[in-house]
Amino acid sequence: MEELQIPFALKAAPYNLFSSNFEELTMRRILSIILFSAICLMEANANLPFLPSERPKKIALTFDACMTTGMLKRIESGTDPALYNAAIVDFLRSEKIAATFFITGLWAEKYPNVVKELAAEPLFEIGNHSFSHRGFVDNCFSLPNLPENEKESDIRKSQEILLRLTGKKATLFRFPGGCFSQSDQGLVKNYGLTVVGWSFASGDAFNPNTNAIVENVLEKARSGAIVVFHLSGGRYAPKSAEVLKAIVPELKKRGFEFVTVTALLKMNSQSMISGVMSPDEKVKINRYPSVRMK
Ligand SMILES: [Zn+2]
C-alpha cells in the first residue's frame, strides 16, 4: 500500500501481470488520465467563446430610435431630415435578421406607421426607450435633464403609445444614454420592464467612418453580446445601414446567429454555463462617446 501512494509508482516494476500490485497501479494510472482530461476540458470550457464550437454563437443587434423635443422641432422646421433610416429595416428584413428596437414615445408619435410595421414583423421586437429621451440622472452627456417628478409619467407615456401602436406590452426598457440610478431602475421594474443596456456600442453615433465602425463591431463581437446601433440616420447615425451590410455577412461566416434581446436573455443560463457573459455584463453601462442630442 505504501508504494501505491506515490503517483505513477515505478517501484512496482518488474510487473507481474497477475499480481494485485499491477492491477492497482494500472487503475491509478487510468484514474490519473481521467482526472487530467477532466481538468483540460474544464479549462477549454472557460474559453469556449474563443474556440471553435458546434454551439451556435448568438448576438443581439439593437437599434435605438432616440428623439428629444429639440430633435423633433428640428425635423419639423426642416433643419434636420426625417430621423428614420429605412435602409436599416429593409436590409434586416431582406436578410431575415432578428433585431430589437428601443423606441422613444416622441419617435413613435412621429412615425406611427413605421412602429406598426416593425411590430408586425415576427423577427423584430420593440422595447421602450422613454418618452422624450431625457437623462434620468444629471449630466447624462448633453441630454436634457428629466426632473424626478416626471420620470414615472415619461416611462408610462411611452408604454401607452407603444401598446396602442403595436398591440403588445413592451417588456424591455433602455435608459437614454444608459444613465440611471437604482431608484430609476425600480420605477421601470414597476411596469414589468427589464432594463437592458449593451455589451458594447457599435460607434455609429455621429460617425461618418464606415470602416472604423465595422472594425469596432467585428473586433468586439462575441457570443452573448448586445450591440447598440441607431435607427435615426441623418447626421445622428449616417452610416449604420452600410455598416450592417458589411458586418452581417462576416458575423454569419464566423458562425453567429442573430437573436432578439428577449431570446438572448432566455438563453442566459446557457451562456453562463459556456462562460460567455454574466448577466451583469449584459446590463453594463457603456456610454455614447459624444452624443449631442439636446
Ligand atoms: Zn437613445
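Residues are numbered from 1 along each chain as its sequence is written.

The pLDDT, the predictor's confidence in each residue on a scale from 0 to 100, averages 81 over the chain, and 72% of the residues score at least 70. Residues 1–20 have a pLDDT below 50, with 16 contacts in the model beyond near neighbours in sequence. A contact here requires the C-beta atoms of two residues, placed from the backbone, to lie within 7 Å. Residues 35–53 also have a pLDDT below 50, and that stretch has 11 contacts beyond near neighbours in sequence. Where pLDDT is low, the predicted coordinates should not be read in detail.

The chain contains 12 helices and eight strands; these are DSSP runs numbered from the N terminus, helices being H or I of at least four residues and strands E of at least two. Of its 294 residues, 38% count as buried, that is, 20 or more other C-beta atoms lie within 10 Å of the residue's own, with C-beta atoms placed from the backbone. Among contacts between residues at least 6 apart in sequence, 79% join residues at least 24 apart.

Let us now consider strand β1, residues 57–65. Is it buried or exposed? Eight of its nine residues are buried, so the strand is largely enclosed by the rest of the structure.

Which strands does β1 run parallel to? Strands pair if DSSP finds at least two bridges between them. Six bridges join β1 to β7, residues 225–230, in parallel, and there Leu61 has Val227 as its bridge partner. Four bridges join β1 to β2, residues 99–103, also parallel, with Ala65 partnered by Ile103.

Finally, the cores. A nonpolar core is a set of buried Ala, Val, Leu, Ile, Met, Phe, Trp, Tyr and Cys residues joined through C-beta atoms within 7 Å. The largest has 58 residues, and those with the most contacts inside it include Ala60, Ala65, Ile103 and Val227. Leaving aside neighbours within four places in sequence, Ile103 is in contact with Ala65, Ala108, Val115, Ile126, His129 and Leu162. A second, separate core of six residues includes Phe136, Cys140, Leu146 and Phe175.

How values were computed:
This is a predicted model: local features need pLDDT of at least 70, side-chain atom pairs count only at pLDDT 80 or more; totals for chains, interfaces and linings use all residues. A residue is buried if 20 or more other C-beta atoms lie within 10 Å of its own, exposed if 12 or fewer, and partly exposed in between; C-beta atoms are placed from the backbone.
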